[in-house]
Amino acid sequence: MLRQIKPRSARSKRALEKRAPKNVENPKTILFLRGTSCSQIVQDALTDLYELRRPLSKKFTKKNDIHPFESAASLEFFAEKNDSSMLCFGSSSKKRPHTLTFVRTFNYKTLDMLELNLNPESFRRITQFKTRKFAIGLRPMMVFSGTAFESPVNNEYTMFKSMITDMFKGETSDKIDVEGLQYIVSVSADEPAGDDSKPALHLRVYLISTKRSGQKLPRVEVEEMGPRMDFHVGRVTEPEEAAWKEALKKPKMGEERTKKNVTVDLMGDKIGRIHLGKQDLAELQTRKMKGLKRNKALEEDADDGTTDTTKRQKV
């Protein structure tokens, strides 16, 4: 585990504040890394996914002896060190060839994992499509088609839909520029068959182009840009109920409660009103000056109205 170091400079303090929980979280960064045995097809798939998510992505090229479903301690270490809330691990073995494992973390601890087996026959890279590419840093439009994504019970397909949405979400914004809508990420699932086999998943990326239509609205056409990936669902690690409930907790984003007797004027100055009890001015302590001394005649008139038991005080 990383040591908790107290910040000694303003730069390190800002870095810790950036990682601290916020009402509106920072866009998620995904980390791509490979295992000790990884086929060239999986390496190409990791590179293409990394290119799609730039600049919110990091990629490691060295081999890592990691087995996510046996021990996720190394992945948690990399997630905390690189401030990444998502990881994509590529590996290949005789039993599970061409495998991509998507991992999500919460508080730098493993939340859930999904293993996908890539079909090498239908896989196509971005460079194999001779089309223009979109600008770096844009958010895509997303389409999910298939009854498997509409299941009311959480399963592998609803988990994959949630992971892909988090992966391509990017920064939140209130306004959308039409010029920034340049590509579509389409994910479809086959209809479930009668046997126990799980439906396959198909990931496609299309480029959007607008052309003249002779009307006010342009004619929109799509062209496949790549990559082209087909998956079969493998092993799954579902999140724990307590961790999932904590991860879905949302802060109260309502308006700040107004404080009583505190107002702000037109200049932006804060003005407060203080309520005091009734003040007795006779008991008010003043500075003793000759000009403020009372006349003896007034004192005698005041003493006539009092009882004999009270003693006269010297002025």
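Modeller: **From a surface patch to the core**

M141, I176 and L181 make a nonpolar surface patch of about 270 Å². Patches here are made of residues with over 30% relative accessible area and no salt bridge, with like charges joined within 9 Å and nonpolar side chains (Val, Leu, Ile, Met, Phe, Trp, Tyr) within 5 Å. A salt bridge means a side-chain nitrogen of Lys or Arg within 4 Å of a carboxyl oxygen of Asp or Glu, and the areas come from the Shrake-Rupley method with a 1.4 Å probe, where for residues only the protein chains shown count as cover.

Before we go in: this is a predicted model, so local features need pLDDT of at least 70 and side-chain atom pairs count only at pLDDT 80 or more, while totals for chains, interfaces and linings use all residues. Residues are numbered from 1 along each chain as its sequence is written, and side-chain values use heavy atoms, with hydrogens and water left out.

Helices (H or I, at least four residues) and strands (E, at least two) are DSSP runs, numbered from the N terminus. M141 has a relative accessible area of 32%, so it counts as partly exposed; buried is under 20%, exposed over 50%, and partly exposed in between (1.4 Å probe, protein chains only).

The largest nonpolar core has 39 residues, and L49, L100, M167 and L201 have the most contacts inside it. Such a core is a set of buried Ala, Val, Leu, Ile, Met, Phe, Trp, Tyr and Cys residues joined through side-chain atoms within 4.5 Å. Helix α4 (residues 156–167) gives the most to this core, six residues. Leaving aside neighbours within four places in sequence, L201 is in contact (heavy atoms within 4.5 Å) with residues including L116, F149, Y157 and F160.

M167 also turns up among the contacts of R53, along with I30, L138, F168 and G170, again leaving out neighbours within four places in sequence. R53 lies in the loop between α2 (40–52) and β2 (57–64), and with a relative accessible area of 4% R53 is buried.

As for rings, the structure holds eight aromatic pairs. Rings of Phe, Tyr and Trp (its six-membered ring) pair if their centres lie within 6.5 Å; planes under 30 degrees apart count as stacked, over 60 as edge-to-face and the rest as tilted. The rings of F102 and F160 are edge-to-face, because their centres are 6.4 Å apart and their planes at 75 degrees. F102 is in strand β4 (residues 99–106) and F160 in helix α4, so this pair ties together parts 58 residues apart in sequence.
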